[in-house]
Amino acid sequence: EVKTPMPPPLPSEWPRIPRRTPNGPHKMYCGGFHPLHTDLQVRQVVQSVGELKSIAVMPDENGKSTGHAFFEYKDPRVSAVAEVVLTGIKVRGTRLVCKRM
């Protein structure tokens, strides 16, 4: 059984995590976010499934979000759950695609 703790309600209370996700067997990709989504909004969506170990929201050449993020959960078992839960949900009119790398 995988238990996912509820994240703190305020972003200022979220724990600090690395903003770079190294390659590895548990690395995840999620795309389809609107470019106007902030890093915090993207993090809020992906951490709704489980506690994050790291996250990297990919910027374009001007530093703005491209709508793609790479991340890893502290509990690798959550990756399979996230792939099913996040894929297909609509955020601001577009559907997300989430998969293990």
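## Surroundings of Ile55

Apart from neighbours within four places in sequence, Ile55 is in contact with Ile17, Pro18, Arg19, Arg20, Thr21, Val42, Arg43, Val46, Phe70 and Phe71. The model is a predicted one. Two of the residues on this contact list, Val42 and Val46, are also among the buried residues of helix 1.

Ile55 also belongs to the largest nonpolar core, which has 20 residues. Within that core, Val46, Ile55, Phe71, Tyr73 and Leu86 touch the most other members. Strand 1, helix 1, strand 2, strand 3 and helix 2 each supply at least two residues of the core.

## Overall arrangement

The protein chain has two helices and six strands. Along the sequence they follow the pattern β-α-β-β-α-β-β-β. The chain contains 101 residues, and 36% of them are buried.

Contacts between residues at least 6 apart in sequence were also sorted by separation: 62% of them join residues at least 24 apart.

## Strand pairing around strand 3

Strand 3 is paired with strand 1 and with strand 2. Strand 1 and strand 3 run antiparallel and are joined by four bridges. One of the residue pairs involved is Met28 with Phe71, the latter in strand 3. Strand 2 and strand 3 also run antiparallel, with six bridges between them. Here Val57 has Ala69 in strand 3 as its bridge partner.

Strands 2 and 3 form a hairpin, and five residues lie between them. In the turn, Gly63 has a positive phi of about 90°. Seven of the nine residues of strand 3 are buried, so this strand is largely enclosed by the rest of the structure.

## Helix 1

The buried residues of helix 1 are Val42, Arg43, Val45 and Val46. Viewed down the helix axis, they fall within an arc of 160°, so they line one face of helix 1. Their cover includes strand 1 (28–31), strand 2, strand 3 and helix 2.

Arg43 and Val46 return in the contacts of Ile55. Val46 is also one of the core residues that touch the most other members.

## Helix 2 and Ser79

Ser79 is located in helix 2. With a relative accessibility of 1%, Ser79 counts as buried because the cut-off for burial is under 20%. Which residues does Ser79 contact, once its neighbours within four places in sequence are left aside? They are His26, Met28, Tyr73 and Arg100.

Met28 is the bridge partner of Phe71. Tyr73 is among the core residues that touch the most other members. Arg100 forms a salt bridge with Glu83.

## Salt bridges

The side chains of Lys74 and Glu51 meet in one of them, at 3.2 Å from N to O. Lys74 sits in the loop between strand 3 (65–73) and helix 2 (78–86), and Glu51 in the loop between helix 1 (39–46) and strand 2 (52–59), so the pair ties together parts 23 residues apart in sequence. Lys74 counts as exposed at 53% relative accessibility, whereas Glu51 is partly exposed, with a relative accessible area of 37%.

Another salt bridge is formed by Lys53 and Glu72, whose closest N and O atoms are 3.7 Å apart. This pair links distant parts of the chain, with Lys53 in strand 2 and Glu72 in strand 3, 19 residues apart. Are these two residues buried or partly exposed? Lys53 is partly exposed, with a relative accessible area of 44%; Glu72 is buried, at 12% relative accessibility.

Glu83 and Arg100 meet through their side chains in a salt bridge of 2.9 Å, N to O. Glu83 lies in helix 2 and Arg100 in strand 6 (residues 97–100); the two are 17 residues apart, and the pair links distant parts of the chain. Glu83 is partly exposed, with a relative accessible area of 23%. Arg100 also counts as partly exposed, at 43% relative accessibility.

Definitions and conventions: Residues are numbered from 1 along each chain as its sequence is written. This is a predicted model: local features need pLDDT of at least 70, side-chain atom pairs count only at pLDDT 80 or more; totals for chains, interfaces and linings use all residues. Side-chain values use heavy atoms; hydrogens and water are left out. Buried means under 20% relative accessible area, exposed over 50%, partly exposed in between (1.4 Å probe, protein chains only). Contact means heavy atoms within 4.5 Å. A salt bridge is a side-chain nitrogen of Lys or Arg within 4 Å of a carboxyl oxygen of Asp or Glu. The arc is that of the directions from the helix axis to the C-beta atoms. Two strands pair if DSSP finds at least two bridges between them. A nonpolar core is a set of buried Ala, Val, Leu, Ile, Met, Phe, Trp, Tyr and Cys residues joined through side-chain atoms within 4.5 Å.
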